[in-house]
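Dear colleague,

Please find below the structure that I am handing over to you. My notes on what was found in it follow directly after.

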Amino acid sequence: MTNREVELLAIGAGPSNLALAVALEELGSAGLAENSLVIERSPGIEWQQGLLLPWAKSQVSFLKDLVTLRNPRSRFSVLNYLHAMGRLDDFINMGSFTPYRVEISDYLAWVANSLTKVRLELGRTCVAIEPGRDAGGTVTGWLTRLADGSTISSRYLVFGAGRDPYRPPVFDGVPAQRLIHSTQYRSGVSQLSAELPYRVAVIGSAQSAAEMFQAIQSDLPNSDVAWIMRSITLRSYEALNQFTNELYYPSFVDSFFEALPEGREQILQEMHRTNYSGVTPALLAELYADFYLDRLNGRQRKRIVGMTDLTGARAVDDEIALELTDRRTGAVTELRRDLVFLGTGFAREMPALVRGLAAHLGLDTITVNRRYRLNLAGPASAACYLQGVNEATHGIADSLLSVLASRAEDITRDILAHRRPAPDGAGHRAADGQLAAPRQLPRTADISIVP
Ligand SMILES: Cc1cc2nc3c(=O)[nH]c(=O)nc-3n(C[C@H](O)[C@H](O)[C@H](O)COP(=O)(O)OP(=O)(O)OC[C@H]3O[C@@H](n4cnc5c(N)ncnc54)[C@H](O)[C@@H]3O)c2cc1C
């Protein structure tokens, strides 16, 4: 089993850690970027690969890319990407601020290929993260375990692996091959026959369920589709106006972070429907037109089953028997399906990898400071940062592209300050005030793994 050392390890090469890699290249000093590694479990760089559908569009302005809001002159900007690809004229001529998802995905891959200092390794899956401590109990580094059995030690760790898909517990006993979460839509459908008349259920009423429902019409055109949702019917996202959109500004993170708990709660509640539990108006219009045409032509292969709770699910022979409870009448019925597509979103709790690390650290609650650094209970000369999972403390934009560029700067500057030797050379004062041990990259032998 091999162990490698880097100064900074970033887990996941989605937008968050690619923005970090760009910031490290542009802002890093004294070899930090050169001693940083990003690992990604997939064989290539793709944005939201499960729902990378040819017609799906990004929901934020193309100018909220990995870098422009921080450094509009950066060579890693989306405008430079479009120019390099010879598509800037066409893009301008389209006249849209919201690019196709595939275009953003290609931009991310282009950025990954354009990095010259930060290393990126594909096909590397992190399975666990553990702290390393010295004899006095100070956290001196992190040991990241990979699926291939190897490990990577680092003094700095940045988690950017996204949130965990939510699978309702009602499906616990159902064979995995009959369930397709939206994060696996494309790979799941590619295993199926486009000709067969599957009986399909789509669960959920928000954007990911709507996109799967729409895609199934062309990917599995002979299927019978029941779209099951708790809400009465489909609803649109609440439209943002210029005033509410200001709450997605990077500069709003400070206001949110400093707000009282009740203030934060009010903001999140009032803003909830601008980002969750809805479908884009454009997709709603397309869906409705399709339903209309089906009625016009006497086709009956798809339907919306609203106000319905999924109260049971079990595997019976080659089928899944779904128990549906009508919220209006309380009536319970059974629906037999071949496949269930889960548009059930993401778990609210911290990702399992982060919870595993917190358990090793003995943390009861997982919180970060304003600069996204994990709050540790005891002394530390190492630091760990969490990206994209801090909506409760950093606001509604935390899981979105809107704040990536400035968050990457916050983290990079925090690391640079953290690793800077104190003027008297006596030690290193962490930004949170803890006096840390003299700086040394943790060596394998120095790291004692807390069981
Ligand atoms: C379908 C969909 C559409 C969206 N559209 C928009 C939009 O239009 N605008 C917007 O602002 N936001 C959108 N979002 C929100 C989205 O969360 C952000 O845009 C952005 O992708 C978050 O970036 P991230 O890097 O934090 O996480 P992710 O994009 O989820 O990237 C995480 C990366 O880590 C990798 N990874 C995961 N686990 C491991 C592991 N154990 N080891 C190694 N690598 C791992 C993954 O393969 C992935 O590449 C959308 C989300 C979804 C689900």
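Helices (H or I, at least four residues) and strands (E, at least two) are DSSP runs, numbered from the N terminus. Please keep in mind that this is a predicted model, in which local features need pLDDT of at least 70, side-chain atom pairs count only at pLDDT 80 or more, and totals for chains, interfaces and linings use all residues. Residues are numbered from 1 along each chain as its sequence is written.

I begin with the loop between helix 4 and strand 3 (119-122), where Leu 115 is found. Two residues are in contact if their C-beta atoms, placed from the backbone, lie within 7 Å. Leaving aside neighbours within four places in sequence, Leu 115 is in contact with Ala 21, Glu 25 and Leu 120. Leu 115 also lies 7.3 Å from Val 22, C-alpha to C-alpha, although 93 residues separate the two in sequence.

Arg 119, in strand 3, is partly exposed because 14 other C-beta atoms lie within 10 Å. Its C-alpha atom is 8.5 Å from that of Ile 39, which is 80 residues away along the chain.

Next, consider the helices. The axes of helix 1 and helix 4 (residues 101-114) come within 10 Å and cross at roughly 35°; axes are lines fitted to C-alpha atoms, for helices over the stretch in contact, and angles run from 0 to 180 degrees between N-to-C directions. Which residues make the contact? Helix 1 contributes Pro 15, Leu 18 and Val 22, and helix 4 contributes Leu 108, Val 111 and Ala 112. By class, these are six nonpolar, no polar and no charged residues. Here Ala, Val, Leu, Ile, Met, Phe, Trp, Tyr, Cys and Pro count as nonpolar, Asp, Glu, Lys and Arg as charged, and the others, Gly among them, as polar.

The largest share, three residues, comes from helix 1. Of the 29 residues around the ligand, Gly 12, Gly 14, Gly 162, Gly 388 and Leu 400 come nearest. The shell holds 11 nonpolar, 16 polar and two charged residues.

Gln 48 has a phi near 45° and sits in the loop between strand 2 and helix 2 (78-84). Asp 317 has a phi of about 50° and sits in the loop between strand 11 (308-316) and strand 12 (319-326). Gln 48 counts as buried because it has 20 C-beta neighbours inside 10 Å, whereas Asp 317, with 7, counts as exposed.

Finally, the domain assignment gives domain 1 (3-164 + 347-449) and domain 2 (169-237 + 278-342); such bounds come from an automatic or database domain assignment. Their contact takes seven residues from domain 1 and nine residues from domain 2.

With kind regards

Definitions and conventions:
Near = placed C-beta within 6 Å. Buried ≥ 20, exposed ≤ 12 C-beta atoms within 10 Å, placed from the backbone.
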